[in-house]
Amino acid sequence: MQTRRDMLTRSASVAAALAGLGLLPQTALANWSQAAFEAKTLPELMKALGTSGPAESKDVTITGPDIAENGAVVPVGAATTLPNVKRLLLLVEKNPNMLAAMFDVTDAVEPSISTRVKMGQSSNVFAVAITGDNKVLYAAKEIKVTLGGCGG
Amino acid sequence: MRRLVITTALAVASTAGFAQKSTADGIAEYRAMLADGNPAELFEAKGEDLWKKKRGPKNASLEQCDLGKGPGVVKGAWVELPRWFADTKRVQDLESRLLTCMETLQGLNAAEIAKAPFGKGEQANMEALAAWISAESRGAKMNLPQGHAEERRMYELGKRAFFFRGGPMDFSCASCHGEDGKRIRLQDLPNLTKNPGDGVGFAAWPAYRVSSGEMWSMQRRLNDCYRQQRFPYPGYASDVTISLGVYMGVNAKGAESIAPAIKR
Amino acid sequence: MADPMRIRAQAQGDKTTVRVLMSHEMETGQRKDAAGKTIPAWFIQEVSATHNGKPVMTAQWGPSVAKNPFLQFTIKGAKAGDKVAISWKDNRGDTRTDEATVS
């Protein structure tokens, strides 16, 4: 069960992660964002924010299985009903490097993407949406990773 | 404060929901999510190319290869293998038959291909061909012929091999696959002494294994079974492995083939 | 030259669902081989999609994306006969572009 403290901690963690990755709207990114993809843990990425920080939002959805038979391939999706979305991100909290993928979406596509990620262990997975007016919103889901049997 | 209430309610609801859904349901949901977009399709595309490509010292394609339904007939061939072939006077499975065709039509060295490590070089080609050829029978029902005396003899041989206990752990195939309701950790083990159902057991291979990102043909699946039994592998496309295919395939008569499937 | 992608683009009403399978190892750089040596990272870093030549989406990927990656997204307003092209570039500089027609 989530307490208010858990929620705030989580918001702060996601905020810190995004700030640390330089992914908040005020930062311009060129080419492949090495720093972003090398960010390791959420606590390590605590940084002061210029905005009020990312908020959990019911307008962002993270889809995925509750349990993955194998962490090598976990289907996940990020979507949002918010208008004017510029970017969608997928984060796997407990992976060595949290940022799995980020998508720059134009008006020509729906703000909804699905892919498959590797998960090293059971973890929270975040879908983050960044809008054109610099709002950062996210949704989280816990995905348990298990090991199957003999591979049949 | 309201947000706390909503979040708590959601947390409770989702926890309750998860408890109601069994682990088996969860796994089934995971597998369903992967079914659309099976990386086996990448291997199928490669296999189709290889079938049509001129290769080897004879610079010929495999398009005249007879998989049991006539030269070049691929559709429906997979669900009737292994079967008797008059030209080689043997019961052959898909891999064995591909070796025959690659040697006679293309001039490639079958023995070397059989010795190549799985997943590399010519073995990777074999797996791609198996993926495509089995895909051409997707949805068809297993229907191995037993009309020829050799086919029936191989069935009996396969049954003996299936129940043969050996190796340091005294395992046989039947140790894991001889009864209903067995499993290893979260993996249900199909009973292969009878028809285990559509898309299960023999009807679910070749398959793409996500855990290693590899395409496994039945020969490779058997190889790994023997490894798990700590028993030496009888040899790629050997009579024993073919006979096991006959035993399992005939038992699965009527089961719908979903190959190439996607597996953990 | 990398193996071709499988691209399926299906129109339903005024939307087109695009599903892509890419052939790539997506090696994380975290694994070691049997001899104990680290297997170097090798993964797709950039993906882009165009609709009739017009860029509609770009993406940056890290090594956490699964091997033989799958991607699904939806283009608004595409119709049967339109062209969808997907390109990727990996950390070694290899690239691949494939095209499909919306059906």
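A residue counts as buried if 20 or more other C-beta atoms, placed from the backbone, lie within 10 Å of its own. By that rule, 39% of the 103 residues of chain C are buried. This is a predicted model, in which local features need pLDDT of at least 70, side-chain atom pairs count only at pLDDT 80 or more, and totals for chains, interfaces and linings use all residues. Residues are numbered from 1 along each chain as its sequence is written, and chains are lettered from A and ligands numbered from 1 in the order in which they are written.

Chain C has 0 helices and 7 strands (DSSP runs: helices are H or I of at least four residues, strands E of at least two, numbered from the N terminus). Its C-alpha atoms fill a box of roughly 55 × 20 × 20 Å along the principal axes. Two residues are in contact if their C-beta atoms, placed from the backbone, lie within 7 Å; among chain C contacts between residues at least 6 apart in sequence, 53% join residues at least 24 apart.

An open sheet of 6 strands runs in the order S2(A)-S4(A)-S7(A)-S5(C)-S2(C)-S1(C), with antiparallel pairing. Strands pair if DSSP finds at least two bridges between them.

Ala78(A) stands opposite Ile113(A) in S7(A).

Note on methods
A residue is buried if 20 or more other C-beta atoms lie within 10 Å of its own, exposed if 12 or fewer, and partly exposed in between; C-beta atoms are placed from the backbone.
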